[in-house]
Amino acid sequence: MELALWTYEGPPHVGAMRIAMSMRDVHYVIHAPQGDTYADLLFTMIERSKRRPPVSYTTFQARDLGADTAGLVKTTVRDAYERFQPAALMVGESCTAELLQDQPGSLAQSMGIPVPVVPLELPAYSKKENWGASESFYYLVRHVLASQPANDTTADAAPEVSASDAPRRMSANVLGPTSLGFRCRDDVVEIGKLLDLLDVDINLIAPLDATVADLARIPDADFNICLCPEVARTLCKWLTRTFSQPVVSTVPIGVGATLDFVREVQAITGGDATTALDAELSRLPWYSRSVDSTYLTGKRVFIYGDGSHAVSAARIASEELGFKVVGLGSFSREMARDVKAAAEKLGVEALISDDYLDVEAAIEAAQPELVLGTQMERHIAKRLGIPCAVISAPVHVQDFPARYSPQVGFEGANVIFDTWVHPLTMGLEEHLLHMFRDDFEFNDAVAPSHLHGGEGATPAALATDISTDAEAANDGSDDTSSPWTADAEKELKKIPFFVRGKARRNTEAYARDAGHDRITVDTLYEAKAHYAR
Amino acid sequence: MSSAALCDIPVKLERGQREVFCGLTGIVWLHRKMQDAFFLVVGSRTCAHLLQSAAGVMIFSEPRFATAIMQDKDLAGMADANDELDRIVKRLLERRPDIKTLFLVGSCPSEVIKLDLGKAADRLSLHHQGRVRVLSYSGSGIETTFTEGEDTCLEAMARAAPHTDDEQLMIVGTLPDVVEDQLARLLDACGIAEAAKNVSFFPPRRAETLPAIGPNTRFLLVQPFLNATRRALLHRGSTHIPAIFPFGVEGTSGWLHSAGSAFGVDRQRVADGYAAPMARAQKALVHYKDTLHGKSIWFMPDSQLEIPLARFLARECGMKLLEIGVPYLDRQTLSAELPELPENLGIVEGQDVDLQLDRVRAAKPDLVVCGLGLANPLEAEGVSSKWSIELVFSPIHGFEQTGDLAELFARPLQRKQLLAV
Ligand code: SF4
Ligand code: SF4
């Protein structure tokens, strides 16, 4: 057993639901008790979907257990097929039904349903959501392709080349974007613009907004773009083995990664992408060089998310914004190797864990000035009074913004620059805070001036509480045990709240190491010099 | 309680896909009510995910609930599962010294593999004696529906409560503290508290201080889904005072009168006691009558609050009831409510969500009360909706909340009027 307060990923059948929900004409029958229908709200409430997920649940109850739960599966499959007339049917079970061993997938396959029936066996007691999405997508495509008539489908679907001598534009499949994926809705648009710039046609995007007929055309493309490795890596590997389609595996999040992506595509198409490489298509590089960004230098940032977003964020943070990455972690065990490699390059130890308490402890220990994470880290950061931006699923409703906000490509880099820099105290403001700490309305207990009240004000307010608490505890009851002299304590309070905790701990560690049992104003500044970065 | 009216209400049974939470959801409000209690679900990743999704992001402090997620090896051997549970409970108690009552909450997987949480609770109670009381109940989706999880939790507490022969009136069902205080003041003002000698609320604000129960306990329900709790209290020798539920002016005054007559308080004395708050409630209600009057409403089977709320909306707000769906129907608990419903009204027990949605589309109600999974899709089809979960989370009982309760239903309608896009 594993103790979980919050979970980063749902069970694997929720991953399969994301695939079904992404597609236009797939229905998914889940052998599951009534409570499991909660998963519908992930789509209808968090993503604000206008349609119900194309999912039918058998909703068996205790009284059915002795009786015919297998019969219930058949009825549900038949009703679902008749009512929704899907072009393919996925059939599987959730954790409870796995224990009943009714084999809903094979039952459904034996029913003579005239469309591809994809049986899904997703072990709920060992696997999780992203794995479930990946497996479901893979099996769905394989079943659809296997059900195609043997004749050559490429003939009618081949890119129509005009009689002119213009070289044929190559085409690619964009694989992986799903419903509930972080900013997938906008990323598919942005990737389209990028590919157009590279003279590449999109053969299809899947699973997001694809049809079963689209999936049948996958082999028509010249190559595949694995945009979301958590969902599409397994499939892409199989497509390479089976149809010799090369894969572009760089996830183009950030300027550097986007340029790498361009080179990778170019290596396949042989096209000339100098325009894309030369032109300044993102504002990020200049904004980052602009003098007002100097204050970003060495900002300590803690990064946590799914594998691909965490790795991308680490590169942007270190190479494109000049931050110092003080922690990098992910809940995606499937992506552990990538995350570890990225962490090693940055000289930090990767945190591969989906235990919320571990993540919280790691953030507290790293004392970052900015947290980039999921909705859970947003809560942790808020509690600790640290600015935060969300970079990865799982997210809540406010992270499905109305405006266009992609992550990939050049526009994605612009969006990222804005989103990450926004919660930070602006550079000049930071200096002023140092200089005029006693101004009654301009002090560090007030939120950054560009963040209006409400949410923005909370972290600062909380931080003040936390630090006053800590200070109270320190000056309080067992005064004798505090190594801080009154003067040093007063001096410490002149340091802005967002670095005060760090200064206190550093000074105490320095004093311990140096064998001082009293901390004076001098000790404070000696420690500052010692830890100067 | 076999009055003709009771049996006459036509009830249509429907079997098909149910679209409703399981009883685990009750944890979301129960853990807020009893601040010294911790709820440990013994279940799967699905259970953990359900709790988190139902709780939303409202809870950002460390929650007083968690899931012991079973893994492959826990399914293999029961001994291991019990050892694992003991280990997890130990870790939890070390982390949270403030926890005085621990609920082990059963889930579908724990029940299907027949993990006996009752036994585990006894074992753990013994082991951590003096430190924490361990109780167990089922919140599983194969046994319980949504608010029924509160019922099974309170049932477990009712069984564990100490014995008393003292006379008392016990108010049963989770209420926000502010509403609890209001009702206590009302019972006082109406002379009921005095006649009853002692008034207690169940569940208590601290699970540690379980009120004692016995043959001289008479109890009133404030929530219509407490069937098992009602039976457990009867089993302890207590007496149920049948009453309609305290929603709206009629509901609250009717509820008070039932209490009053049970304790022999003069009817006029009771009426005088609530005159002022009732006048306030009537005044507050006026604001919403125009919006609600004549509008049609449809209840999907969900929170089990459907019948008393339908009664309030029809009788006090003039809404037209189209269909009342209930997940299940306990005629005993609702004995005072059912006769208050308009005649010739169909109640549908159980669910086939697709057929129900077909009927909704055909009937085009002005407002549908439903779960979170259905609300936005209905809105997208032009049907206004009210999430039933909000009715469980918001203070809606009693005179002082009567206006708020009506407002909850008026808001979606007013909003539709308001929006020009
Ligand atoms: S229905 Fe059963 S398996 Fe699903 S969340 Fe509820 S208790 Fe867990
Ligand atoms: S306002 Fe607070 S929680 Fe919201 S993004 Fe900014 S720092 Fe994070």
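**Close-up views of the predicted complex**

**View 1. An aromatic cluster in chain A.** Ring pairs join A:Tyr138, A:Tyr139, A:Trp238 and A:Phe243 into a cluster. Here, rings of Phe, Tyr and Trp (its six-membered ring) pair if their centres lie within 6.5 Å; planes under 30 degrees apart count as stacked, over 60 as edge-to-face and the rest as tilted. By this rule there are 14 aromatic pairs over all chains. This is a predicted model, in which local features need pLDDT of at least 70 and side-chain atom pairs count only at pLDDT 80 or more, while totals for chains, interfaces and linings use all residues. Residues are numbered from 1 along each chain as its sequence is written, chains are lettered from A and ligands numbered from 1 in the order in which they are written, and side-chain values use heavy atoms, with hydrogens and water left out.

**View 2. The pair B:Phe21 and B:Phe146.** With ring centres 5.4 Å apart and planes at 75 degrees, B:Phe21 and B:Phe146 form an edge-to-face pair. B:Phe21 sits in the loop between β1 (11-15) and α2 (27-33), and B:Phe146 in the loop between β5 (133-138) and α8 (148-160), so the pair ties together parts 125 residues apart in sequence. Helices (H or I, at least four residues) and strands (E, at least two) are DSSP runs, numbered from the N terminus. B:Phe21 is buried at a relative accessible area of 8%, and B:Phe146 is buried at 0%. Buried means under 20% relative accessible area, exposed over 50%, and partly exposed in between (1.4 Å probe, protein chains only).

**View 3. The pair B:Phe103 and B:Tyr137.** These rings also meet edge-to-face, with centres 5.9 Å apart and planes at 75 degrees. B:Phe103 belongs to strand β4 (residues 101-106) and B:Tyr137 to strand β5, so the pair ties together parts 34 residues apart in sequence. Both B:Phe103 and B:Tyr137 are buried.

**View 4. The surroundings of ligand 1.** Ligand 1 lies between chains A and B. Elements giving two or more residues to its shell are α5 (95-100) of chain A together with α3 (45-55) and α6 (108-112) of chain B. The shell has 14 residues, and the closest are A:Gly35, A:Asp36, B:Cys22, B:Cys47 and B:Cys108. A residue is near a molecule if one of its heavy atoms lies within 4 Å of it.
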